[in-house]
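Keep the sequence and the 3D view at hand.

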Amino acid sequence: MPHREASSSLSGILLAPLRGAMAIVDIPMRWVQRRLGTGGVAAAFLAPNMLIFGVFVLFPMFLNVLYSFTGGGALYLDSRVFVGTEQYETLFECRDYLDPASCREDRFWRAARNTAFFVVVQVALLVAASLVTALVLNRKMRARAFWRAVFFFPVLLSPVVVALIWKWILQRNGLLNAMLSEAGIEPVLWLVDRNWAMFWAIFVAIWAHLGFYTLILLAGLQAIPAVLYEAAQMDGTPRWRVFTRITLPLLWPSLIVVILLALIRAVQVFDEVFVLTGGGPGSATLFLVQYIYETGLAQQARNLGLAAAASILMAAVLIVLTLVQLSSSGWRERKEKR
Amino acid sequence: MTGVLAFITRRRGGAGWHFTDVLAWIWLLTGLVLMFGPVVWLGLSSFKTRAALSEFPPTLLPYQTRMVEVAGFDEPLPLYRVRAEDGTERLMVQIRRIGSMAQMADPETPGETVRVPLQARDPVRELQLATENYTEPFERLDFLRFFYNSVFVTVVATAITLLVNSMAAFALSKYEFKGRTAVLALILATLMVPLSVIIVPLFSVINGLNLFNSLWGVILPTVATPTGVFLLRQYMLTIPDELLEAARMDHASEWKIYWRIVLPLAMPAVAVLAIFSVMWRWNDFLWPLIVLSDRELYTIQVGLNSFQGELNVQWHYVLAMTVVSMLPVVAIFAFLQRFITTGIASTGIK
Amino acid sequence: MSTKGMFLAALGFFLSGTVYAQEPVELRFLWYSDGNEGEVMADLLARFQEENPDIKVVLDNVAYTVIRDQLPAQLEAGEGPDLARITTLKDLAPHWLDLRDLIEDPAYWEENFGAYLDWMRPEGSDMIPGYMTQLTITGPFVNRTLFEQAGVELPGEGATWDEWATAVKQVAENQGIPIPLAMDRSGHRFAGPAISMGAKFIGEDGEPAVIDSGFRAMAERIASWHGDGIMSPEIWGSVSGATLRGANEEFANAEVVMYYSGSWQISQFAETIGDAFDWAAVPNPCGPEACTGLPGGAGVVGIKYTEHPEEVAKLMDWLASEPVLKEFYERTLFLPGHAGLAKAGLDYKSDNPSVKASLDTFVKEVGKLAPLANRMPAWDWANISYAAIITRLGQVVAGEMSLEDAYDRIEDDIDQQVSEAKR
């Protein structure tokens, strides 16, 4: 049974209590295994994670569903008024669904449109850039650790810091405009122009998360046995073929994770954009989560029922997106296996 | 020298430069400028005084106006370069400013004052690091306490995360059981619930469980990361089942298999998750903000936020403490990096 | 129980009683700071604790957003600190502790804080919840050095908004300043000038009646000033919704000629502007109806759910006493929310001539407030109205919406939120 030995004495000492603890855990686990079989063991392994999920995420989300059927100004569920589907009706009251200005909750529909655009563009660019970066970093190179750190650095920053840095750079007399004036180009009010604001929101979101997905893809690339590449090289297979026939298929599980996570995170974009543009100008970079946050928590203008309804809709869209993505990738996997 | 050049220019294929090599280098260099540049900017700006920070256009390096001790004045006076009407330049100190004229004098002869229009003078600036931005929060405010709280939360949460997530990933990747897809879907579902959306119900849950205003209340809800489970699961899927079968035939318990075989083999992914977890917990802001009420329990990010009043942000402290708050995460990242490189190649079972 | 047992029980009871009696009462005081008021308060509290060793006060100096977002949730759960410094006094009024029966001299409170008590208690109540840490008034600041350098005369008292607009445009063109006129992106700032133009806000029955000719007059000006380059879209047209966006940094950087904000900026300007240029508060510009700003402020209140109401009252009595309050106002450079001190005058601790002059101007502005302006902080629907106004007018400035549509939307938004709140 191949496993790692703790060779040096220091790590041996440090790991000893850990190994002792694990040996102790083994005892009840064996009992579970005997009594309940492998199904029970699986359940035992899953239990801690699912318990925490259940209590701290699923249950509040369920409460949120209840909130979406209530109205009134009170914060806690028991003091709120039941209003049935009124909040959903308010959200869907539109003369023309493609024109937010004709809707009662115009800001919700603007936010929805902006989010849709953002998701499509940002995820595509982000995944492509992460893939390229991972491929570049996977090459034989010196100081790979340094280059990996370079790309990963922004991920270490909190969203507020990310947004602040870029806000400075993009201000009227910020670094970017200063460099442009040197080159003789007129400075631009980057974050006050509707189109540029969206561009920068996408750019900053990619900047902040590129390293994260690159790391995942890199781990996936490293799991591909070098033997395969060597064999392909001996066969004289052209690079492009190597990529499509070896790399891509074996990287597929990691790619799915990356696309999925990027999608889900893109729909929920909030932190960086909120600090960078605050949803402006007007509502050019207003995204769904900010709309929900403002509707549900903004001082005095708080409408928790409406916010809850909007968040349920957002979750519904996410679920559909994810199912579509998963089933199409599952189809791919099956196709590959044949 | 040729050795160094050889290091830098090593590339795929070994022989000539393929165009992919060029592209790769362009990508790397662009990445360096784009990724590091703004962060370097952050670092430089953290040494500027508050006044210097709100200056536009911003200077690259932290500058402050040179102050000169002048006989007859208690406080040092700022030094300026003054352009006289005949084009000559003199160095003078400014005694005071009245309207759009400044009363200035030669530092050698402070008694003779001259009135100079504001436009005719430029400050003499020198490189000076406002290190008080770094020391004051620790001295005057409770930053050391915040630091400790953050370390505690991060270390404990990461340890629990690694354990709990890997257990769940193991179950989901190596066992077939009824409801496996349902569980996977459920975990996915939790990804779709951003915190900002469930704040109010979550607050009532925390209150009900008596976890309000405690560091454990900050830790526990965050450890079951769906990203972590997915990451580890995808990696564990690539671990050959034959290994487990062999171990089972040797009468190893499932727990032993998990602990002795699967977990060590999943080290690259575990290391990645460790880095992510440290980063997430260290940068967590909204959640500790909701749970913690006593200032002594604040984590660094929440403490940073306290530098913001309703109408006012103390940028100089925010920047400096942000740099400080980045250091541990960077250190962990550097330390764990090498685990990511050890691929599955080292195990070679077949 | 055996005699031994009873003896032990009695001993235990006695011991626990003495231990309990020696423990000081701990009061948690939730606070936020814009300038130096946190330090001043900590100083004062240290003195209070010296005089009262049986009371320990912990000052939780947090970010403003904590008080705005987290405290309401705590209060609704029946939890929270023992005292807090709050700006949303009216909205959360049901949670305040009534000090009337706990303080030494209610008459003193009535006399000196009476004018502002309605701002912190529910409609029709006569409770005494607390006192104002500062009175604030909205009003303009100008960069006097820029006016001087441009050779344009500063419009005097009684000048109208249009006269000011022309003057600042001249100065800006002459000096190359990007933002001639800036106003904080806030419905609260907009209200004062709107009232000067004749807006009535409060309808017959206390319900909102926001869109009227006075309102339109001011809204049209804001829109046209943005079109003419007198105001820049980077303030009002930047963020979304009701998010506040101040222009204090731009003003401190001499990018703004005239900045409509309020008295709370004085202490901050003293620090960030230093003596880079001469700045001053000027009287509120006039409209046909008035030359008014809007009063407001933050106050310290006791929380209803405290376990130590008597100690809270003791602390409040001490903090609200004349000598303590005088020191507080003088060191923080705040306008006094205490009638006696306002009449007697304060000796502000600042060497900066701009500071003293500006504080004097604002103190005079207090006397010139329109009666309607004084009613606004006590009006239930004020904040809802401000949020709706700024959200929609912000969209107009950003080019997303026409003024007419904005008027309709503002009315719809306010109706919707008022009916939600009333459910």
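Of the 350 residues in chain B, 41% are buried. A residue counts as buried if 20 or more other C-beta atoms lie within 10 Å of its own, as exposed if 12 or fewer do, and as partly exposed in between, with C-beta atoms placed from the backbone. This is a predicted model, in which local features need pLDDT of at least 70, side-chain atom pairs count only at pLDDT 80 or more, and totals for chains, interfaces and linings use all residues. Residues are numbered from 1 along each chain as its sequence is written, while chains are lettered from A and ligands numbered from 1 in the order in which they are written.

Chain B holds 15 helices and eight strands. These are DSSP runs, numbered from the N terminus: helices are H or I with at least four residues, strands are E with at least two. Now take the contacts in chain B between residues at least 6 apart in sequence: 64% of them join residues at least 24 apart. Two residues are in contact if their C-beta atoms, placed from the backbone, lie within 7 Å.

One residue of chain B gives a local view. Asp122(B) sits in strand E7 (residues 121-123) of chain B. Is Asp122(B) buried or exposed? Asp122(B) counts as exposed because it has 12 C-beta neighbours inside 10 Å. Setting aside neighbours within four places in sequence, Asp122(B) is in contact with Tyr80(B) and Arg81(B). Leu91(B) is 31 residues from Asp122(B) in sequence, and their C-alpha atoms are 9.7 Å apart.

Next, look at where chain B meets chain A. The contact takes 85 residues from chain B and 84 residues from chain A. Several helices of chain B each supply at least two residues to its side, among them helix H5 (143-174) and helix H15 (315-341). H2(B) gives the most, with 12 residues. By class, the side of chain B that touches chain A has 64 nonpolar, 15 polar and six charged residues. Ala, Val, Leu, Ile, Met, Phe, Trp, Tyr, Cys and Pro count as nonpolar, Asp, Glu, Lys and Arg as charged, and the others, Gly among them, as polar.

Chain C is split into domain 1 (25-135 + 296-344) and domain 2 (136-295 + 353-422). Such bounds come from an automatic or database domain assignment. The C-alpha centres of these two domains of chain C lie 29 Å apart. Where they touch, 15 residues of domain 1 of chain C are in contact with 18 residues of domain 2 of chain C.
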